[in-house]
Amino acid sequence: MSSSSYYTLIPALPALPARMDQLKELPISILQLEKRLGMLDAADQRQLALALRLFQRERDGDEELSDRDEVQHWQQELAQIQDHTLKQLLEQHLVWRTLIAAQRYRLAGQSEGNGFQGFGDLVWLIRRHWQESDFSLGGRFPWLVEAQSMLKKGQSAELEQQLLVWFWQQLRELEQCNPFSFTAVAAYRLRWSIAEYRLRWQGEQAQEQFSRLVTSALAGFKQDETLHSVTEAG
């Protein structure tokens, strides 16, 4: 796609907020977004589809894959990403997913790391330092100890939200530093996917909270009703 075409496409993408906590609603629907992204040529659309697939937490078709096979798929797909800056950020995202996966396996009872399968050149360190909370990587990833604590408390969803905040910031920097380019378009599309996931997650959390309040209120009502019946009987 010619660079001049990005000058037409990017202004047609309504701005997402600078920070994820400022997000209130999606500025554009998925149908409108996909229609505008139809301006991309076939090569750019293939690259964007690959980037989105690598970012997905639940990938259709991967449910039955072993960890080894899934990592091989990541490697094969990542090798097809031609935008160097975007590729680096996706690599970092997959490394972080690998670290979290290792912590989950360890908490689930995997006593040694020799069989652990993950992405990137840190896997051998994860295996060697399996018993250490930060896999001896705390200097490079200072959030690992806190992540382990959150997982132990069952706060995996909250941990994921924190990691998405970081990814959101990195993607916005890509947009700002690479204006009117495929990099900016891909970063925007990935941020939109985060925004959609964030709003859906908040909606589910609100529904769960409402359900808990209703259950609590009904329990109180039943208790009052029982006490009222006992009083009348007395």
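Q: Which side chain does aspartate 44 join in a polar contact of 2.4 Å?
A: The partner is tyrosine 6. Keep in mind that this is a predicted model. Aspartate 44 itself sits in helix H3.

Q: What else does aspartate 44 touch, beyond residues up to four places away in sequence?
A: Aspartate 44 touches Met1 and Phe182, as well as Tyr6.

Q: Is aspartate 44 buried or exposed, and how far away is the nearest side chain of opposite charge?
A: Start with the general idea. Side chains of opposite charge can pair when their charged atoms come close. Now the case here. Aspartate 44 is buried, yet it has no salt bridge. The nearest side chain of opposite charge belongs to arginine 46, 8.6 Å away. A salt bridge needs the nitrogen and oxygen within 4 Å.

Q: How many salt bridges are there by this rule?
A: The count is five.

Q: Which residue forms a salt bridge with glutamate 34?
A: Arginine 189 does, and the closest N and O atoms are 3.3 Å apart. Look at where the two residues lie. Glutamate 34 is in helix H2 (residues 30-37), while arginine 189 is in helix H9 (residues 182-233).

Q: Which residue pairs with glutamate 77 in a salt bridge?
A: Arginine 53 does, with the closest N and O atoms 2.9 Å apart. Glutamate 77 is buried, at 9% relative accessible area. Arginine 53 is partly exposed, at 22%.

Q: Where do arginine 200 and glutamate 196 lie?
A: First, the general idea. An α-helix has 3.6 residues a turn, so residues three or four places apart point the same way. Now the case here. Both residues lie in helix H9, four residues apart, about one turn of the helix. Arginine 200 is partly exposed, at 40%. Glutamate 196 is partly exposed too, at 26%.

Q: Where is phenylalanine 119 found?
A: Look in the loop between helix H5 (84-107) and helix H6 (123-128). Phenylalanine 119 is buried, with a relative accessible area of 10%. Leaving aside neighbours within four places in sequence, its contacts include Val71, Trp74, Leu78, Leu94 and Val95. Leucine 99 is 20 residues from phenylalanine 119 in sequence, and the two are 9.0 Å apart in space, C-alpha to C-alpha.

Q: How many residues does helix H8 have, and how far does it reach?
A: Helix H8 (residues 156-177) has 22 residues. It reaches 32 Å from its first C-alpha to its last, close to the 32 Å expected at 1.5 Å a residue. Its buried residues include Leu159, Leu163, Phe167, Trp168 and Glu175.

Q: Which element has the lowest mean pLDDT?
A: Where pLDDT is low, the predicted coordinates should not be read in detail. Here, H9 has the lowest mean, 70, and H2 the highest, 97. The chain averages 87, and 85% of the residues score at least 70.

How values were computed
Residues are numbered from 1 along each chain as its sequence is written. This is a predicted model: local features need pLDDT of at least 70, side-chain atom pairs count only at pLDDT 80 or more; totals for chains, interfaces and linings use all residues. Side-chain values use heavy atoms; hydrogens and water are left out. Helices (H or I, at least four residues) and strands (E, at least two) are DSSP runs, numbered from the N terminus. Buried means under 20% relative accessible area, exposed over 50%, partly exposed in between (1.4 Å probe, protein chains only). Contact means heavy atoms within 4.5 Å. Lys and Arg count as positive and Asp and Glu as negative; His and the chain ends are not counted. A polar contact is a pair of N or O atoms within 3.5 Å; within protein, one must be able to donate a hydrogen and the other to accept it, and residues adjacent in sequence count only if both atoms are side-chain atoms. The expected span of a helix is 1.5 Å times one less than its number of residues. pLDDT is the predictor's confidence in each residue, from 0 to 100.
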